[in-house]
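Keep the sequence and the coordinates side by side.

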Amino acid sequence: MKRNRSYYIVLVLILFVVTYSAYAAYQKQKNGPVFLDNHVFQRYNEQWGLWVDLTAEKKSLLEKASEFGILAQEVMEINQLKESDLGRLKRPIFFPYSAEYMRGLQEKELFRETVESPIDQFIWPVLPNHKSRISSRIGRRWNTWHTGLDIAIPKNSIVLAAADGVVEESGRSGDYGLAVKIYHHDMNHFHTVYGHNQELLVKPGDVVRKGQIIAFSGNTGKSTGPHVHFEVRFHNVYLNPENFLTPYEEGVATSIVGFAD
């Protein structure tokens, strides 16, 4: 009888430790900082690297891969490219960093911006800087209903995923121009939409993380200037994005890059 009781006590203790560890990990995730992709550190398919427009740089895929210390085949695999695609690339492609290249960046003490963001809160879809501003809010505008928040920002600026999710749509979408739609299962099944981009960097089915680059901003579709049109939807009901965000540009900090997250 005493032996059974001892087993029971040990089992309860094990369950307590496991439960507490899971809770502590959740709290850490909930309250921890969110690292924002920038022009040096970018993510795709859980790898660190950089989106590169080879045409603009006037370099071959092999030359750029060699610069980052990786094989051309690795680049082709992560971008799902075939040999026949190489002569007609008209979009940025993702180049993963080698471990040696990553160490070099770390030694230079380059930085990423971070924001404190609870797990159940969206972040702003652009990097905080003095060149961006809110140009239009949700509500009636020009005798129509404006369905989201417009953030004026220079062309080819980074557009970020506002929360973890799965890309549902990525492509040309009427007045939205080149747009991305993300489904956020862990956030009450909300959707977010990012419109008028110049380049799209994700495709349907991609799993994205909060703060990950998903596009470069632009002026495509029905637009009067470069900006990001940002929407929050719940079952196709347009909600005010500002109700789910911190005050604009608040809570911004910097942190030395950590490659583990």
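A salt bridge here is a side-chain nitrogen of Lys or Arg within 4 Å of a carboxyl oxygen of Asp or Glu. The model is predicted, so local features need pLDDT of at least 70, side-chain atom pairs count only at pLDDT 80 or more, and totals for chains, interfaces and linings use all residues. Numbering starts from 1 along each chain as its sequence is written, and side-chain values rest on heavy atoms, with hydrogens and water left out.

Start with lysine 64 and glutamate 57. Their side chains pair at 2.8 Å, N to O. For exposure, buried means under 20% relative accessible area, exposed over 50%, and partly exposed in between (1.4 Å probe, protein chains only). Lysine 64 is buried at 5%. Glutamate 57 is partly exposed at 35%. Both residues belong to a network of salt bridges that links Glu57, Lys59, Lys64 and Glu67.

Next, turn to glutamate 46 and arginine 209. Their closest N and O atoms lie 3.4 Å apart in a salt bridge. This pair connects distant parts of the chain, 163 residues apart. Glutamate 46 sits in the loop between β2 (42–44) and β3 (47–52). Arginine 209 sits in the loop between β14 (207–208) and β15 (213–217). Strands are DSSP runs (E, at least two residues), numbered from the N terminus. Glutamate 46 is exposed, at 57% relative accessible area. Arginine 209 is partly exposed, at 25%.

Finally, look at glutamate 231 and arginine 233. Their side chains form a salt bridge at 2.8 Å, N to O. Both residues are buried.

Methods. Helices (H or I, at least four residues) and strands (E, at least two) are DSSP runs, numbered from the N terminus.
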